[in-house]
Amino acid sequence: AALLGFDTKIVGSTNDYSKTAGSNVVVITSGIPRKPGMTREELIGTNAGIVKGVCENILKYSPDAIIIVISNPMDTMTYLALTST
């Protein structure tokens with residue numbers, strides 16, 4: 001960033017979304033890993049609620065942010081993030 005002439009500030013937070021207010025990019029890493037014997041559908045059910053809640057809170061403080069989702073199952077969680085915006 002310094003070579004390109006702009007400043008960058010990185011903030012990490014758990015449950016205090018006010019710290020991320022005005023963010024341009026938000027990376028969501030929320031969710032649980034798949035446990036032995038757990039079906040993909042069970043994982044989707046659990047992580048969907050988590051990602052949905054995170055997206056709703058992000059949008060309160062950073063309505064124009066680009067959201068990057070890194071949570072399994074990634075395809076479904078990304079779709080949920082897109083439909084929340």
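The model is predicted: local features need pLDDT of at least 70, side-chain atom pairs count only at pLDDT 80 or more, and totals for chains, interfaces and linings use all residues. Residues are numbered from 1 along each chain as its sequence is written, and side-chain values use heavy atoms, with hydrogens and water left out. The protein chain holds two helices and two strands. Their order along the sequence is β-α-β-α.

**Fold and dimensions**
- Helices (H or I, at least four residues) and strands (E, at least two) are DSSP runs, numbered from the N terminus.
- The C-alpha trace spans about 50 × 25 × 20 Å along its principal axes.
- Contact means heavy atoms within 4.5 Å.
- Of the contacts between residues at least 6 apart in sequence, 69% join residues at least 24 apart.

**Surface and charge**
- Buried means under 20% relative accessible area, exposed means over 50%, and partly exposed lies in between (1.4 Å probe, protein chains only).
- The chain has 85 residues, and 24% of them are buried.
- The chain exposes about 6000 Å², with 56% supplied by carbon and sulfur atoms.
- Accessible areas come from the Shrake-Rupley method with a 1.4 Å probe; for residues, only the protein chains shown count as cover.
- There are 7 positive and 7 negative charges, and their mean positions are 5 Å apart.
- Lys and Arg count as positive, Asp and Glu as negative; His and the chain ends are not counted.
- Each charge is placed at NZ of Lys, CZ of Arg, CG of Asp or CD of Glu.

**Largest pocket**
- The largest pocket contains about 640 Å³ of space.
- Its lining has 23 residues, and the closest to its centre are Val11, Thr20, Ser23, Val25 and Val26.
- A pocket is an open set of points on a 1 Å grid over the protein atoms alone, where a 1.4 Å probe fits, with protein on both sides within 12 Å along at least five of seven lines; lining residues have an atom within 4 Å of a point.
- Grid points are joined across faces, edges and corners, and the volume is the space filled by probe spheres set on the points.
- β1 (25-28) and α1 (40-61) each supply at least two lining residues.
- β1 gives the most to the lining, with four residues.

- Thr20 sits in the segment before β1.
- Thr20 is buried, at 15% relative accessible area.
- Leaving out residues up to four places away in sequence, Thr20 touches Ser13 and Ser62.
- Ser23 is also placed in the segment before β1.
- Ser23 is partly exposed, with a relative accessible area of 21%.
- With residues up to four places away not counted, Ser23 touches Ser62 and Ala65.
- The C-alpha atoms of Ser23 and Ala48 are separated by 23 Å, at 25 residues apart along the chain.

**Gly31 in the loop**
- Gly31 lies in the loop between β1 and α1.
- Gly31 is partly exposed, at 35% relative accessibility.
- Residues up to four places away aside, Gly31 touches Asn47, Ile50 and Ser71.
- Gly31 and Pro73 are 42 residues apart along the chain, and their C-alpha atoms are separated by 9.4 Å.

**Backbone at Asn15**
- Most residues other than glycine have a negative phi.
- Asn15 is not a glycine, yet its phi is positive, at about 70°.
- Asn15 belongs to the segment before β1.
- Asn15 counts as exposed, at 64% relative accessibility.
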